[in-house]
Amino acid sequence: DHSSHGSLKRMEQMLDLLETKEQLIEWLHLTLGGILQQLQLQSVAAGQNQLIALIRQVVQEHLYDPNLSTKMIADELKYSSTYIRQLFKDFSGQSLSEYITDLRLNEVKRRLTETKQSIEDIVQETGFSAVNSFYTIFKRHMGTTPSQYRRQWENDSGKELP
């Protein structure tokens, strides 16, 4: 393509400026070193993207397990908890525990608006370890209690839960 032709032209110009074999060897070392460094960075990034996908897969597989944690994920994937925690945070901008909580809360909200299931049953089935801490988390994220959320949804939608 046109851009690679321009790069080749610049390379030819650079080679024309080199006067000695030593200069040529130095230039080749620098150029090839830069190419290798770029390839290594791309390889690391590809590996990290693959690891992020594996982390998300493990989270989905164990989302409703109250014991799901960074340690559990790290143990399953055979990495350190610190590495998994930092990689996920760097990649997504949120902590792994926040990600898990968000997924669980989305399922809670779905069940609150689509079923008449009791809040306590929903809490137990969605992986939250304690009802009291769940209420605190829900209110912090939603600004309302689960009961109020359900009532508000029924009022706003005009629908009765099945």
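Begin by selecting Thr101, Asp102, Leu105, Val108, Lys109 and Leu112 in H5, together with Phe134, Ile137, Phe138, His141 and Met142 in H7; these two sets of residues meet each other. Classified by residue type, the contact of H5 with H7 comprises seven nonpolar, two polar and two charged residues. The model on display is a predicted one.

Select helix H3 (residues 70–77) and helix H4 (residues 81–92), which pack at an angle of about 110° with their axes 8 Å apart. H3 and H4 are therefore also described as roughly perpendicular to each other. To view the contact itself, display the side chains of Thr70, Lys71, Ile73, Ala74 and Leu77 in H3, which meet Ser81, Ile84 and Arg85 in H4. The residues of this contact of H3 with H4 divide into four nonpolar, two polar and two charged.

Remain on H3 and select Lys71 with Asp75. Lys71 forms a salt bridge with Asp75, and their closest N and O atoms are 2.8 Å apart. Both residues lie in helix H3, four residues apart, or about one turn of the helix. Lys71 is also one of the H3 residues that meet H4. Side chains of opposite charge can pair when their charged atoms come close. The count of salt bridges in the model comes to five.

Colour the patch by helix: H1 (2–17) and H2 (21–62) each supply at least two of its residues. Which helix gives the most to the nonpolar patch? H2 does, with four residues.

Conventions:
Residues are numbered from 1 along each chain as its sequence is written. This is a predicted model: local features need pLDDT of at least 70, side-chain atom pairs count only at pLDDT 80 or more; totals for chains, interfaces and linings use all residues. Side-chain values use heavy atoms; hydrogens and water are left out. Axes are lines fitted to C-alpha atoms, for helices over the stretch in contact, and angles run from 0 to 180 degrees between N-to-C directions. Angles under 35 degrees count as roughly parallel, over 145 as roughly antiparallel, 65 to 115 as roughly perpendicular and the rest as oblique. Contact means heavy atoms within 4.5 Å. Ala, Val, Leu, Ile, Met, Phe, Trp, Tyr, Cys and Pro count as nonpolar, Asp, Glu, Lys and Arg as charged, and the others, Gly among them, as polar. A salt bridge is a side-chain nitrogen of Lys or Arg within 4 Å of a carboxyl oxygen of Asp or Glu.
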